[in-house]
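I opened this notebook to record what I looked up in one structure.

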Amino acid sequence: MFDHLLRTTKDHLFTPLTPLVATISPNTITLAGFATGLAAAAFCAAEAYGAALGLWLGNRFLDGLDGFAARRFGKQTDFGGYLDIMLDFVVYGVIPPALAWSVGTFGAAFAAAALLASFYVNAASW
């Protein structure tokens, strides 16, 4: 929703990485972000919250970097956009249950369900 407002700032921050991302496919960056997000969920479930947070931040970084690379080098494709949003939502969908699993209470399960519902409502609003 606010991506277009923040894109200039985000792209400015990613500009020093231009030589690195010039050699990497945006879809490869997307897949690396996906793997990082799944690892964050696994670490959540294992109650390694510090590592999970670091991996989640890595996932968010890579999610911004893939779009930057695609725009910067004219590699935007419908498939790439689809892959990006689908894998983002898979990660969004596995983190709350992983957190609930680690806590193991009804309240945590309810909070995870409410968070997932908010993701679905947000996605539908697009």
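**Entry 1: the chain as a whole**

I read the elements from the N terminus on, and they run α-α-α-α-α-α. The count is 6 helices and 0 strands; both are DSSP runs numbered from the N terminus, with helices as H or I of at least four residues and strands as E of at least two. This is a predicted model, in which local features need pLDDT of at least 70 and side-chain atom pairs count only at pLDDT 80 or more, while totals for chains, interfaces and linings use all residues. Residues are numbered from 1 along each chain as its sequence is written, and side-chain values use heavy atoms, with hydrogens and water left out.

I took the extent along the principal axes: the C-alpha atoms fill a box of roughly 50 × 30 × 25 Å. I then computed burial, and 31% of the 126 residues count as buried (buried is under 20% relative accessible area, exposed over 50%, partly exposed in between, with a 1.4 Å probe and protein chains only). The chain exposes about 7600 Å², of which carbon and sulfur atoms supply 73%; the areas come from the Shrake-Rupley method with a 1.4 Å probe, and for residues only the protein chains shown count as cover. For contacts (heavy atoms within 4.5 Å), I looked at pairs at least 6 apart in sequence, and 74% of these join residues at least 24 apart.

**Entry 2: helix α3**

I examined α3, which spans residues 26–45. Its 20 residues reach 29 Å from first C-alpha to last, close to the 28 Å expected at 1.5 Å a residue; the expected span is 1.5 Å times one less than the number of residues. Which residues of α3 are buried? I found P26, I29, T30, G33, T36, G37, A40, A41 and C44. They cover an arc of only 145° around the axis, so they lie on the same side of α3; the arc is that of the directions from the helix axis to the C-beta atoms. Their cover includes α2, α4 and α5.

I also checked both ends of α3. At its start, a side-chain oxygen of S25 comes to within 3.1 Å of the backbone nitrogen of N27. Just after α3, E47 has a positive phi of about 65°.

**Entry 3: N59 in α4**

I located N59 in helix α4, residues 49–72. Is N59 buried or exposed? N59 counts as buried because its relative accessibility is 2%. Its side chain reaches the backbone oxygen of G33 at 2.7 Å, and G33 is itself among the buried residues of α3. Not counting residues up to four places away in sequence, N59 touches G33, F34, T36, G37 and V91.

**Entry 4: helix α2**

I turned to T18, which is found in helix α2, residues 18–21. T18 is buried at 15% relative accessible area. Its side chain and that of R72 are joined by a polar contact of 3.3 Å (N or O atoms within 3.5 Å; within protein, one must be able to donate a hydrogen and the other to accept it, and residues adjacent in sequence count only if both atoms are side-chain atoms). Leaving aside neighbours within four places in sequence, T18 is in contact with F68, R72 and F73.

I computed 9.6 Å between the C-alpha atoms of L20 and A69, which are 49 residues apart along the chain.

**Entry 5: helix α5**

I noted that α5 has 26 residues and reaches 39 Å between its first and last C-alpha, close to the expected 38 Å. Its buried residues include L83, D84, D88, V91 and Y92. What do the buried residues of α5 pack against? They pack against α3, α4 and α6. G104 follows α5 with a positive phi near 75°.

**Entry 6: aromatic rings**

I listed 6 aromatic pairs (rings of Phe, Tyr and Trp, the last by its six-membered ring, with centres within 6.5 Å; planes under 30 degrees apart are stacked, over 60 edge-to-face, the rest tilted). F14 and F61 form an edge-to-face pair, 5.2 Å centre to centre with 70° between the planes. F14 lies in helix α1 and F61 in α4, so the pair ties together parts 47 residues apart in sequence. F14 is buried at 8%, whereas F61 is partly exposed at 40%. I also found W56, F89, Y92 and F119 linked into a cluster by ring pairs.
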